[in-house]
Amino acid sequence: MSAVLVVRGAADAGALCRALPGVLVYESQDLVAPVPAETTALVLRSGVRLGERELDALPRLRHVVRTGSGIDHIDVSALRRRGITLHRNAGAGAAAVGEWVLTAALALSRRIPLGQHALLLGRHEKEECMGVPLSTLSAGIWGAGPVGLAVGRALAPHTGRTAYAAWQSNPPGLRELSRMALMEQSQVHVITLPLRAATRRFIGEEFLARVVPQRPLLICAGRLETLDVSACLRALEDGALSGLALDPVEREHLPLLSGARAPLNLLVSPHIGAQRSDVRGVLDRWATDLLRAITTDDLALIEGGRQ
């Protein structure tokens with residue numbers, strides 16, 4: 001019998017039970033606790049590591065279903081070596097993340113987080129909350145995957161100009177600027193880069209020093225590890241950044257965000273960019289249809305499943 005393990009938050013385990021009669025469906029908070037060894041398909045969300053150690057505990061695993069886009073927390077090479085098929089839906093939540101970025105850009109340009117933070121500290125800082133029209137600002141987007149493209153579509157009607165950092169992997173037809181030109185000309189920077197060795201702490205001291213003349217807003221909608229968060233917070237405190245918004249905050253990142261004693265134009269959220277009911281519905285239906293196909297019979301699982 002096929003067995004599916006759902007990491008809580010990755011899919012509706014109850015709906016899967018109803019949709020997949022004859023399939024054992026388990027739910028777990030994470031992959032740290034003992035997991036069912038008979039698991040043949042794993043449904044995974046962001047922030048949950050899947051590497052050699054976790055795979056050793058799942059000897060019958062044949063499919064990993066990623067209900068989202070990022071896979072930096074998954075050891076793809078280990079999956080390949082073990083003959084495990086990875087399925088993901090990279091585009092379902094892109095528009096919702098674009099909406100979050102637009103919300104963050106509007107909030108930062110009006111300095112709303114600064115005002116709220118001051119009030120929570122018992123201070124009334126109206127004079128410090130003088131905003132600027134988002135329509136007068138130029139936006140630079142770093143990363144042109146599904147999320148980066150959705151961010152461009154969301155910002156374009158509301159900003160003075162949008163442009164992408166030039167990369168060989170960018171799709172054709174985008175307005176591109178060299179990285180140096182983008183740093184020099186943008187008042188809003190949106191980071192949607194995938195996390196790789198070359199992008200880890202990509203936004204750090206050198207980047208921040210180059211953008212100081214613009215005192216830009218910095219928005220991260222990709223992976224937090226693409227930023228040197230401590231350097232970005234110092235730049236915000238020192239006035240080198242006018243605002244900072246961070247969405248991909250997981251539990252392990254919380255210590256990085258503690259300790260601010262003065263009001264900051266800082267917006268943080270617990271990785272909710274794609275947390276929208278319509279997106280959840282699309283991903284749940286996609287995961288259900290996919291799991292129905294790959295658990296139809298034992299032969300499908302033994303042979304590695306279907307794409």
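**Reading the sheet and the helices**

Tutor: Begin with the sheet: five strands form an open sheet with parallel pairing, in the order β2-β1-β3-β4-β5. The edge strands, each pairing on one side only, are β2 (24-28) and β5 (85-88). This is a predicted model, in which local features need pLDDT of at least 70 and side-chain atom pairs count only at pLDDT 80 or more, while totals for chains, interfaces and linings use all residues. Residues are numbered from 1 along each chain as its sequence is written, and side-chain values use heavy atoms, with hydrogens and water left out.

Student: What does pairing mean for strands?

Tutor: Strands of a sheet pair through backbone hydrogen bonds, either parallel or antiparallel. Two strands pair here if DSSP finds at least two bridges between them. Helices (H or I, at least four residues) and strands (E, at least two) are DSSP runs, numbered from the N terminus.

Student: How many bridges join β1 and β2?

Tutor: Strand β1 (residues 3-7) is joined to β2 by five bridges, in the parallel sense. Valine 7 has serine 28 in β2 as its bridge partner.

Student: Which helix packs on the sheet?

Tutor: Helix α10 (residues 277-294) does, touching β1, β3 (41-44), β4 (63-66) and β5. Contact means heavy atoms within 4.5 Å. The direction of α10 makes about 170° with that of β4. Axes are lines fitted to C-alpha atoms, for helices over the stretch in contact, and angles run from 0 to 180 degrees between N-to-C directions.

Student: How is a pair of helices described?

Tutor: Two packed helices are described by the angle between their axes and the distance between the axes. The axes of helix α4 (residues 94-109) and helix α6 (residues 146-155) come within 8 Å and cross at roughly 50°. That makes α4 oblique to α6 (under 35 degrees is roughly parallel, over 145 roughly antiparallel, 65 to 115 roughly perpendicular, the rest oblique). Residues making the contact include Val97 and Leu102 of α4 and Val147 and Val151 of α6.

Student: Is α6 largely enclosed or open, and why?

Tutor: Helix α6 is largely enclosed by the rest of the structure, because seven of its ten residues are buried. Buried means under 20% relative accessible area, exposed over 50%, and partly exposed in between (1.4 Å probe, protein chains only). The cover over the buried residues of α6 includes α4, β6 (138-142), β7 (161-165) and β9 (188-191).

Student: Where is leucine 119, and is it buried or exposed?

Tutor: Leucine 119 lies in helix α5 (residues 112-120). Leucine 119 counts as exposed, at 54% relative accessibility.
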